[in-house]
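Please look over the sequence and the structure shown here.

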Amino acid sequence: MKVKITYEEILTKEVEVEIKDDMPFDDFARKLYRDEKIVLTADDLQITSFMIETTEWSGDWSKI
């Protein structure tokens, strides 16, 4: 029997940074992340969930 398991992790990190007055906050936040200046690790893990599906049955999200 084939079983599909989907895992989802939610990681959270709070940082405080200096930003230029003329730069949009959301652009700055995206750039920090894309440039890998902010890296989330296992220490930032908040929640892990999984969902199991088969051809005959589909479960709901369960927390680990």
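The sections of text below treat the overall fold, the extent of the chain and its surface.

This is a predicted model, in which local features need pLDDT of at least 70, side-chain atom pairs count only at pLDDT 80 or more, and totals for chains, interfaces and linings use all residues. Residues are numbered from 1 along each chain as its sequence is written, and side-chain values use heavy atoms, with hydrogens and water left out.

One helix and three strands make up the secondary structure of the chain, in the sequence pattern β-α-β-β. Helices (H or I, at least four residues) and strands (E, at least two) are DSSP runs, numbered from the N terminus. The chain is more spread out than a compact globule, because its radius of gyration (taken over C-alpha atoms) is well over the value of the globule rule, 2.2 Å times the number of residues to the power 0.38.

| Property of the chain | Value |
|---|---|
| Radius of gyration | 18 Å |
| Span of the C-alpha trace along its principal axes | about 55 × 20 × 15 Å |
| Accessible surface | about 6,100 Å² |

Accessible areas come from the Shrake-Rupley method with a 1.4 Å probe; for residues, only the protein chains shown count as cover. Carbon and sulfur atoms hold 50% of the accessible surface. Of the 64 residues, 12% count as buried, that is, under 20% relative accessible area, whereas exposed means over 50% and partly exposed lies in between.

Met-1 lies in the segment before β1 (4-11) and is exposed, with a relative accessible area of 86%.

Note on methods
Buried < 20%, exposed > 50% of the residue type's maximum accessible area, 1.4 Å probe, protein only.
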